[in-house]
Amino acid sequence: MRHIISILLENEPGALSRVVGLFAQRGYNIETLTVAPTEDETLSRLTMTTTGDERKIEQITKQLNKLVEVVKLVDLSEGPHIERELMLIKVKAIGAQRAEIKRTADIFRGQIVDVSPSVYTIQLTGTSDKLEAFIESIGAGCVLETVRTGVSGIARGEKVLSL
Amino acid sequence: MELISGGDMLVRALHEAGVEYVYGYPGGSLLHVYDSLYKQSAVKHVLVRHEQAAAHMADGYARATGKAGVVMVTSGPGATNTITGIATAFTDSIPMVVISGQVMSHLVGDDAFQETDMLGVSRPIVKHSFAVRRPEDIPEIVAKAFYIANTGRPGPVVIDIPKDMTMPNERYEYVYPKKIKMRSYTPPQRGHSGQIKKAVELLLAAKRPVIYSGGGVIIDGSSDKLRALVDRLNFPCTNTLMGLGAYPGTGERFIGMLGMHGSYEANMTMHNADVVICIGARFDDRVTNATSKFCPDAKIIHVDIDPSSISKTIIADVPIVGPVGAVLDEMMALLDEANETPDAEALETWWKQINEWRERHGGRYEKNDSQLMKPQEVIEAMWTATKGDAFITSDVGQHQMFAAQYYKFDKPNRWINSGGLGTMGFGFPAAMGIKMNFPDDMVVCVTGEGSIQMNIQELSTCLQYGIPVKILCLNNGSLGMVRQWQDMNYEGRHSHSYMESLPDFVKLVEAYGHVGIRVTDRDQLPQALEDTFGKYNDRLVFLDVAVDETEHVYPMQVPTGSMRDMWLSKTERT
């Protein structure tokens, strides 16, 4: 099962390499990873998605918690949460295709952020599933390039991950 | 306000952290620090002959005293040579602080002379590591390094110091923190009371219980508490390879080591138990054999300070995260309060069964009629000669298992071996680290002619500092454990397990200025041991003892089997 693990990490050089190294070293899989400083500049917020059965995820969270620079950690998939991913996608857009792609982008609430005579660059935000559904709708054949940020997530309601 | 250089800060901070000895080797990046060492006498430096040995010396010291050992090496090869030693300490949860020099900050990343990314190279085998970026941070980093290394589940910590952080002419204010508090690091102080209560209820209701304890009990300094629990409950107790000595080896309730080369009675007791309480051990694969067949009828209670050890390989029915000592205190208090005792009748039946197993196999091996000795009898003779009270270090292989099986450790912190990583070359420098700190105690390194050659250069260090350790080399002229596996699994094809062109060890150690004694016949051993611990007491003695090369270590668990599936001799299986 897919899990979204959210981590508050000391914003120090080398901290990220410990997190990533742990996954490589113990044979865990990272599907996506996003990291950036928070409003408190001493802390970074890191979101990663990974897959595994309950026992494996338990080991992953325990091992992460053992890292001295990991301040706090939560498995967002354990409760109601919001997840978002941003994608920039460059697609071939010629002739009749141009209108069709524009329509599809509208349906998915995407924005065309750059235009050339034969290419659209579209910005799309949503869950990972939604981004994949968009690619499927326009047809993988016309995709020239995609770049995705990886998942960011936050718990719904009052629950916060902070010190 | 007094201003001092980064190098002086480092040495002063080590002194404040309680460091007496530093084991190391100088080099370009650390020369400012070595100059700071020269100018004082509180922190003594021991010059090894290879940096790996420095790490093992610090490790031996840490295992015997419970306090972090300190290593100091230069950048590049100096640092990378410690890697095996750091990994050895990491695998066995041994506190250590490694100070590695680094090239000038402005050269980092330029592939400068003797530059290695030490933090990157050591990352998977340290508990934590620090890079010094400002000289004035040095005292705080040192204090944090010791705090992290010594607390919780201990482990090695690396401090990487670029040379420009230690410039003699750049001076800063020295402030050593009185107390360390880290928001992201808070080791557990006690176990969960509800879980401890559940554990006590299970223990009191058990009909066929066993206490399985490991190195965590020794690290926590809680052997007395373990002994009190075992004796109070009248339960059988088995120790892991790392846990030997936590419960007395000659104690009546001790059923021997468990696992791959564990005693027949310990493995049978584990397999047939209905309640297993594991204290400060981690269900290592050398203990459990096939996890799917492990203790089929048992409820498992697991006490460990590291939550990631719990339910990693064996699912615990009652997990207790906490320091062993605090958890045992709470258990004893609950037992006092409950004023109940375990089912005496069931225990009597259980003990009867265990004693039958003991009689069936026990610590048995076949003696030779010839003068060529079995390795086991050499260990037994050494146990007698040292009255069972020596610090015994070992290298890795058959001699290690024979020492673990046949030297009965009655005290904790006396059996010093690389249990988790299995590092050949560990025993000798570890023994040196211990002897320097326990000059009045007997310290013996049990080794083989294979392992000893992995750090034999330290004979020179021993002469320089006068470290009279005793080396007992069980010389069978082959890599015994490899040979045993080749006998058992490869139809006796001894691929590269035979040691050709062995040196004359007696001449070799004499060349280093020590005493060498060669023993080929059984009749020579008593005198040799007497001389080793008698007239040569203040000298390093290398006892090179010829032993039967065909001997195997038994019992030995059958791969993919349960704990009770064992070879008991070359021809007998359970």
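The crossing of H10(B) and H13(B) is left-handed, a term used when the near helix is turned anticlockwise from the far one by less than a right angle, with right-handed for clockwise. This is a predicted model, in which local features need pLDDT of at least 70 and side-chain atom pairs count only at pLDDT 80 or more, while totals for chains, interfaces and linings use all residues. Residues are numbered from 1 along each chain as its sequence is written, and chains are lettered from A and ligands numbered from 1 in the order in which they are written.

**Helix pairs in chain B**

Helix H10 covers residues 223-233 of chain B and helix H13 covers residues 324-338 of chain B; their axes come within 10 Å and cross at roughly 30 degrees. Helices (H or I, at least four residues) and strands (E, at least two) are DSSP runs numbered from the N terminus. Axes are lines fitted to C-alpha atoms, for helices over the stretch in contact, and angles run from 0 to 180 degrees between N-to-C directions. H10(B) and H13(B) are therefore roughly parallel to each other; that label is for angles under 35 degrees, with over 145 counted as roughly antiparallel, 65 to 115 as roughly perpendicular and the rest as oblique.

From H10(B), the contact draws on Lys225(B), Leu226(B), Ala228(B), Leu229(B) and Arg232(B), and from H13(B) on Gly325(B), Leu328(B), Asp329(B), Met331(B), Met332(B) and Leu335(B). Two residues are in contact if their C-beta atoms, placed from the backbone, lie within 7 Å. By class, 7 residues in the contact of H10(B) with H13(B) are nonpolar, 1 is polar and 3 are charged. Here Ala, Val, Leu, Ile, Met, Phe, Trp, Tyr, Cys and Pro count as nonpolar, Asp, Glu, Lys and Arg as charged, and the others, Gly among them, as polar.

In another pair, helix H11 (residues 264-272) of chain B packs with helix H14 (residues 344-360) of chain B at about 145 degrees, the axes being 8 Å apart. The crossing of H11(B) and H14(B) is right-handed. On the H11(B) side are Tyr264(B), Glu265(B), Met268(B) and Thr269(B), which meet Ile354(B), Trp357(B), Arg358(B) and Arg360(B) of H14(B). The class count for the contact of H11(B) with H14(B) is 4 nonpolar, 1 polar and 3 charged residues.

**Sheets in chain B**

One open sheet of 6 strands in chain B has the order E3-E2-E4-E5-E7-E6, with parallel pairing. Strands pair if DSSP finds at least two bridges between them. Strand E3 (44-47) and strand E6 (128-131) of chain B are the edges, each pairing on one side only. The twist averages 20 degrees from one strand to the next. Within this sheet, 7 bridges link strand E5 (residues 96-102) and strand E7 (residues 156-162) of chain B in the parallel sense, and Val98(B) has Val158(B) in E7(B) as its bridge partner. Helix H7 (residues 138-150) of chain B packs on the sheet and touches E5, E6 and E7 of chain B, its direction making about 160 degrees with that of E7(B).

A further open sheet of 6 strands in chain B runs E16-E15-E17-E18-E20-E19, again with parallel pairing. Its edge strands are E16 (415-416) and E19 (515-519) of chain B. Strand E17 (residues 443-448) and strand E18 (residues 470-475) of chain B run parallel and are joined by 5 bridges; Cys445(B) is partnered with Ile471(B) in E18(B). Helix H21 (residues 525-533) of chain B packs on this sheet, touching E18, E19 and strand E20 (541-546) of chain B, at about 165 degrees to the direction of E19(B).

**Annotated spans**

| UniProt domain | Residues | Helix and strand | End C-alpha distance |
|---|---|---|---|
| ACT | 4-78 of chain A | 32% helix, 37% strand | 9 Å |
| Thiamine pyrophosphate enzyme N-terminal TPP-binding | 5-117 of chain B | 42% helix, 19% strand | 25 Å |
| Thiamine pyrophosphate enzyme TPP-binding | 395-545 of chain B | 35% helix, 16% strand | 16 Å |

Chain A has 4 helices and 9 strands, in the order β-α-β-β-α-β-β-α-β-β-α-β-β from the N terminus on. Its C-alpha atoms fill a box of roughly 55 × 35 × 30 Å along the principal axes.

The contact takes 16 residues from chain A and 13 residues from chain B. On the side of chain A that touches chain B, helix H1 (15-25), helix H2 (54-66) and strand E4 (70-75) of chain A each give two or more residues. H2(A) gives the most, with 5 residues. By class, this side of chain A has 4 nonpolar, 6 polar and 6 charged residues.

How values were computed
UniProt positions renumbered as here; feature names shortened; annotations may be inferred.
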